[in-house]
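The entries follow in the order in which I looked things up.

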Amino acid sequence: MDYFIQQLVNGLTLGGLYALIALGYTMVYGVIFLINFAHGEFFTAGGYIGVIALSYCIAHGYTQTHPFLCLAGAFSLAMIYSAYLAVGVEKIAYLPLRGSRLAVLLSALGMSIFLQNGMMLTQGVMDKAYPGELFEGGFSFGMVTISYLQIMIITMTVLLLFGLNRLVYKTKIGMAMRATAQDKTMSALVAIGSNNIISLTFAIGAGLAAAAGVMVGLYYGSVHYDMGFNLGMKAFCAAVLGGIGNITGAMLGGLIIGLVEVFGAGYISGQYKDVFAFIILIGVLYYRPTGIMGENIDETRV
Amino acid sequence: MKKKVFFMFVMALAVVSFLFVPVNSSSAKTLKIGTMSPLTGPYASDGTDIKNGALTAIEVFNENGGMPGYDKIKLYPMDTVCDPRQAVATANKLLNLEVVGVIGAYCSSSTIPASTVLNGADIPMITPASTNEKVTDRGLPYMFRMCGRDDDQAPAAVKFMKEGLKAKTVFIVDDKTTYSQGLADGVEKNCKKMGIKVLGHDHVNQGDRDFSAVLTEAKTINADVFYMSLQGYSPAAMMVIQAKRLGLKSKILGQDAIYQPQFITVGKDAAEGVYLTYGYTDKSTPEYKAFAKRYTKKYGAIGAYATYSFDATTVLLKAIKAAGSTNPDKIKAQIMKLDYDGVSKHVKFNAKGDSGSSYIAFKVENGKFVPYWSPAKGFWK
């Protein structure tokens, strides 16, 4: 039983991270039908801004006096930076090409390669160590060990997901987003600036990914310029599994992929964990081609 | 009509210029050698060490008189990303550049296919880092190895577990590359021979960051030793961090790929107390001291394979100089004759192309790799 609980916590942590990244894919797809391949790079960029901010804090000794302020600062800086980066990418590389879906898709691929190499050149090819030991520690009961970082990741993920849900379903902005997703011309007629709303969608998605980037850095101890590819790919699968375009679906998909990976590795064998994740994906898509939550795609899509 | 004549003239010019270009460019004599190692991707720091080691060797060689008959020695550092396909592509690229010898590659899974290509074209290849047995066991005439072999490393590691760590049980994890899995299988086999019980042997994937599932398994099994065979320091650092957080009680033993200052930089506290096996280099020899002085000034801390790369490049250059030609058979004959004290070890190749192994166990103590135990002498000091 202890083993099961431990693996459950591991799976929830990983699944939460996937869900946060998957939301960016799904939101952008919901609004402009684009699979934003550069999304993984927004996540990596967030991770790097986090390590830069935390290193600055350490260099000035602020981590001793205000550790949580430092952490909050790192998170907000990373999220704001990635949001701006995403809006910039959208304005430069996607907006002028929006007439053709294929052209935007290729532009997204190109942006991904460009950003990844840009990070390689500016940040170097080595792993950047994260000052994660500040928030190290945890508690254990029986054989189960839950670290503060895991609790932080799960709590932050829940808070961010809850906040996003409130934003999309309970505010004017959310209503505008949903309206833009359904019909850009019609929403323009009722005075919704669809270009602004699309930019906002990119910004929110990238902000969530950046938060995941900082958490990945803290949890795994380092960031690397190409880490966005692997995690981004899994998150994309999570978005497809949940029904791309559907926010709740992305959260669910992320959790399922994370849990399946960890339980597959824990109970059968670590070498097949990706296989299990993809078997689930194929199995679900075979019976439900639009994903788990994908059937009412037109109403709830953002 | 006028237009036609003009085009004919342009075309003729184009053809003629092609005929003349090679003549002009070959008048400056350059000796070309290549390195193959991952310069990008997760193993970039080891790959960069290999490149820097080779550059240092050329620098030293030039200061000691250079290569007679050549104006300069040019190094072509190629990026293999530890990907077998990329390794074959870069090997072909080096053939196109007409290099006379190649230092590399890093990952055994890259070295094996690349060496087939290079040996097919009679280009000598010396690997500073690939420890898998198959690298030199396939009978390729121009394949040499500067580092040790996994079938020496595995018994040394097992002997250390038994005698140094007094272990009775072990849990093994590898990441399924030719090198890491080969070594892990070797350890498993030797454990059975030496009477250490293997309680489990699991695999992770290359590029994984999350090892919580496998580590939870290892924690539940709670073997005396957790044997970690991963390709490179970067996943290893992430693994020890997660192991510490999870409260894994087993002693962690790694292999030569994590002998890399970055492992300690990233792993920090979690890296403390980790054991690993790595070829012994006497750091008090004048050769090593001279190398360390020169290398650290320019490139910083010395990683796992910088010394081996330096020796491999020196071996190649010395052999070419002694042979007085770039004929591969003559170079090979000279390489086999070499018998001198290198930076990493005493250089003497056997018929297979190996230069012997000298694995000992290290322990990470206060942010440094400290020699801890040797198969011949037992505990250090």
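I looked up the contact (heavy atoms within 4.5 Å) and found that 40 residues of chain A and 33 residues of chain B take part. This is a predicted model, in which local features need pLDDT of at least 70, side-chain atom pairs count only at pLDDT 80 or more, and totals for chains, interfaces and linings use all residues. Residues are numbered from 1 along each chain as its sequence is written, chains are lettered from A and ligands numbered from 1 in the order in which they are written, and side-chain values use heavy atoms, with hydrogens and water left out.

I noted that chains A and B bury about 2,900 Å² between them, 51% of it on carbon and sulfur atoms; buried area is the accessible area (1.4 Å probe) that two parts lose on being put together, summed over both. In chain A, the most area is lost to chain B by D127(A), Y220(A) and Q271(A), together 20% of what that side buries.

I then checked for salt bridges (a side-chain nitrogen of Lys or Arg within 4 Å of a carboxyl oxygen of Asp or Glu). The count between chain A and chain B is one, and K273(A) and D208(B) form a salt bridge through their side chains at 3.4 Å, N to O.

Finally, I turned to chain B, where the axes of helix α11 (residues 286-299) and helix α12 (residues 306-323) come within 12 Å and cross at roughly 110°. Helices here are DSSP runs (H or I, at least four residues), numbered from the N terminus; axes are lines fitted to C-alpha atoms over the stretch in contact, with angles from 0 to 180 degrees between N-to-C directions. I therefore recorded α11(B) and α12(B) as roughly perpendicular to each other (65 to 115 degrees).

Notes:
Helices (H or I, at least four residues) and strands (E, at least two) are DSSP runs, numbered from the N terminus. Angles under 35 degrees count as roughly parallel, over 145 as roughly antiparallel, 65 to 115 as roughly perpendicular and the rest as oblique.
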